[in-house]
Amino acid sequence: MTVTQHEPVTSGATATGGLPTKVQACGITPTHPRPTGRDRYTISEVAEHTGLSAHTLRWYERIGLMPHVDRTHTGQRRFTNRDLDWLSLVTKLRLTGMSVADMVRYAELVRVGESTFAEREQLLTAHREDVRQRIAELQSTLDLLDYKIDIYADARRASERF
């Protein structure tokens with residue numbers, strides 16, 4: 001399985017990472033800048049750029065999460081900027097807690113093409129709701145921590161007065 005089609009870029013890609021302008025306006029920039037003027041990277045260079053291990057990159061390719069990665073005549077993988085864009089998306093989805101199975105499903109839908117826009121939207125919308133619920137839970141936990149810290153800080157200050 002390979003991903004041969006990528007997400008449409010509706011706001012135009014930029015030369016500094018290929019992210020849509022809308023995404024860049026949100027303050028999302030590539031974590032690891034790429035060498036300028038290049039579009040072919042070894043697996044070790046991609047590992048360095050993304051923070052993912054070479055083992056993880058090979059696994060992503062094996063399970064169908066990575067698009068087809070070109071190879072040299074000797075069989076070495078050569079990743080492109082487009083591959084790095086895809087890995088950036090996958091890394092963000094993983095960071096939000098999306099399961100590998102859902103990410104693979106998403107990659108499969110991307111492979112099929114435009115006819116799956118509605119299903120992709122549905123998958124991402126459901127995941128966004130999960131993320132929002134987790135954020136709310138974390139905010140509630142943070143509020144509780146702040147409350148407890150305030151109690152201890154007030155008690156410490158009161159004991160220092162005497």
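These notebook entries record what I looked up in a predicted model of one protein.

**Entry 1. Conventions.** I worked on a predicted model, in which local features need pLDDT of at least 70 and side-chain atom pairs count only at pLDDT 80 or more, while totals for chains, interfaces and linings use all residues. Residues are numbered from 1 along each chain as its sequence is written, and side-chain values use heavy atoms, with hydrogens and water left out.

**Entry 2. Overall layout.** I took helices (H or I, at least four residues) and strands (E, at least two) as DSSP runs numbered from the N terminus. The protein has six helices and two strands. From the N terminus on, I read the order as α-α-α-β-β-α-α-α. I then looked up burial, where buried means under 20% relative accessible area, exposed over 50%, and partly exposed in between (1.4 Å probe, protein chains only). Of the 162 residues, 28% are buried. Accessible areas come from the Shrake-Rupley method with a 1.4 Å probe, and for residues only the protein chains shown count as cover. The protein exposes about 10,700 Å², and carbon and sulfur atoms supply 56% of that area. For contacts (heavy atoms within 4.5 Å), I considered residues at least 6 apart in sequence; 52% of these contacts join residues at least 24 apart.

**Entry 3. Helix α2.** In α2 (residues 43-50), I listed I43, V46, A47, H49 and T50 as buried. Seen down the helix axis, these buried residues fall within an arc of 165°, so they line one face of α2; the arc is that of the directions from the axis to the C-beta atoms. They pack against α3 (54-62), β2 (77-78) and α4 (81-95). Just after α2, G51 takes a positive phi of about 85°.

**Entry 4. Helix α4.** I checked the span of α4: its 15 residues reach 21 Å from first C-alpha to last, close to the 21 Å expected at 1.5 Å a residue. The expected span is 1.5 Å times one less than the number of residues. The buried residues of α4 are D83, L84, W86, L87, V90 and L93. Their packing partners are α2, α3, β2, α5 (100-112) and α6 (117-161). Just after α4, G97 has a positive phi of about 95°.

**Entry 5. Salt bridges.** I counted a salt bridge where a side-chain nitrogen of Lys or Arg lies within 4 Å of a carboxyl oxygen of Asp or Glu. By this rule the count is seven. One of them joins R71 to E61 at 3.6 Å, N to O. R71 lies in strand β1 (residues 70-71) and E61 in helix α3, so this pair ties together parts ten residues apart in sequence. A salt bridge also joins R77 and E61, at 2.5 Å, N to O. This pair links distant parts of the chain, with R77 in strand β2 and E61 in helix α3, 16 residues apart. E61 is buried at 15% relative accessible area, R77 is buried at 19%, and R71 is partly exposed at 43%.

E160 and R156 are four residues apart in helix α6, and about one helical turn separates them. E160 is exposed at 53% relative accessibility, whereas R156 is partly exposed at 44%. Separately, salt bridges with shared partners join E61, R71 and R77 into one network.

**Entry 6. Surface patch.** I defined patches by residues with over 30% relative accessible area and no salt bridge, joining like charges within 9 Å and nonpolar side chains (Val, Leu, Ile, Met, Phe, Trp, Tyr) within 5 Å. L144, Y147, I151 and Y152 form a nonpolar surface patch, with about 450 Å² of accessible area together. L144 lies in helix α6 and is exposed, at 52% relative accessible area.
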